[in-house]
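Open the model in your viewer and keep the sequence panel beside it. This tour tells you what to select at each stop.

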Amino acid sequence: LGVGSRSKGTHVFIEIADKIKRYRASYSPEFYLVGHITDSSLKVSPSVMVQSANNCPLTQAEYHNATANLDFALFFHRPHHYRYSTSAAFFDALALAKPIIARRNPLFNYYFELLGDIGYLCDTDDEIESRILFLLNNPSIEDYKKKQQRMIDGHELLNLKHVAIQIKDIW
C-alpha cells in the first residue's frame, strides 16, 4: 500500500513476489502495489501488478477499489524507517481491516502491542517470505477473521475522541 520506493523496501517486495510466483503449488497468489513508484531505479516484474495508471498517484476512489480484494498488507520498511514518524499506508490497512505482514520496527511493535494480534511481525525478509508461503499452504479463515476483528475493535482505541481523553488526562 502506498508509494513504492527502495527506502520502503519495495525492491524486497518485488523479489519475494518473484520467488513465490516461481514455486509450483496449488495456489496462484497475486501481488499488488497499490500506489505509484517514486524510485526510478526500481524494476517492476510481471509478478507484481502496479495499481497506478501512468505511475501517477491514485484518486481516493481508485485506491479503495484497488484495496478491496487484498487479503494482507505487506510492509518491508527497515527498523529505522519509521522510528520518528508514522505510515499512512499502515493506518489504511488498519482502517480497511487488512491483516499485516511486516518487518518488525518500532511503529509496528507499538500498534501490535496496543491492538493485539493484527497480523505477523517478522525479523527478516526470509521470515516474511516463509510466513507468506505458510499462509498460502495453510490458510485459516478463522484466524484471519480474528485478526480482522482485532483491527476493527482497534478503531475505537484510535478514535480521536479516545485519544483526546488520553491527552486530556496527561495535562
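Two strands count as paired if DSSP finds at least two bridges between them. Helices (H or I, at least four residues) and strands (E, at least two) are DSSP runs, numbered from the N terminus. This is a predicted model: local features need pLDDT of at least 70, side-chain atom pairs count only at pLDDT 80 or more, and totals for chains, interfaces and linings use all residues. Residues are numbered from 1 along each chain as its sequence is written, and side-chain values use heavy atoms, with hydrogens and water left out.

**Stop 1: the sheet**

Select S3, S4 and S5. These three strands form an open sheet in the order S3-S4-S5, and the pairing is parallel. At the edges are S3 (73-75) and S5 (119-122), each pairing on one side only. From one strand to the next, the twist averages 5°. Angles run from 0 to 180 degrees between N-to-C directions; axes are lines fitted to C-alpha atoms, for helices over the stretch in contact.

Contact here means heavy atoms within 4.5 Å.

**Stop 2: strand S4**

Zoom in on S4 (residues 100-103). With S3, S4 pairs in the parallel sense over three bridges. Ala-73 has Ile-100 as its bridge partner in S4. For Leu-74, the partner in S4 is Ile-101. Now turn to S5: S4 and S5 pair, again parallel, over four bridges. Ile-100 has Gly-119 as its bridge partner in S5.

Are the two faces of S4 covered or open? Both are covered: Ile-100 and Ala-102 on one side, Ile-101 and Arg-103 on the other, are all buried. Buried means under 20% relative accessible area, exposed over 50%, and partly exposed in between (1.4 Å probe, protein chains only).

**Stop 3: Asp-92**

Select Asp-92, in helix H3 (residues 88-96). Asp-92 is partly exposed, with a relative accessible area of 27%. Which residues does Asp-92 touch, not counting those up to four places away in sequence? Leu-1 and Tyr-63. Draw a line between the C-alpha atoms of Asp-92 and Leu-1: they are separated by 8.1 Å, yet the two residues are 91 residues apart along the chain. Next, show side chains. Those of Asp-92 and Tyr-63 make a polar contact (2.7 Å). A polar contact is a pair of N or O atoms within 3.5 Å; within protein, one must be able to donate a hydrogen and the other to accept it, and residues adjacent in sequence count only if both atoms are side-chain atoms.

**Stop 4: Glu-129**

Move to helix H5 (residues 125-137) and pick Glu-129. Glu-129 is buried, with a relative accessible area of 8%. Leaving out residues up to four places away in sequence, Glu-129 touches Ile-16, Lys-19, Ile-20 and Tyr-23.

**Stop 5: the whole chain**

Zoom out. The chain has seven helices and five strands. Along the sequence they follow the pattern α-β-β-α-β-α-β-α-β-α-α-α. The C-alpha trace spans about 55 × 35 × 30 Å along its principal axes. Of the 171 residues, 42% count as buried. Among contacts with a separation of 6 or more, 64% come from residues 24 or more positions apart.
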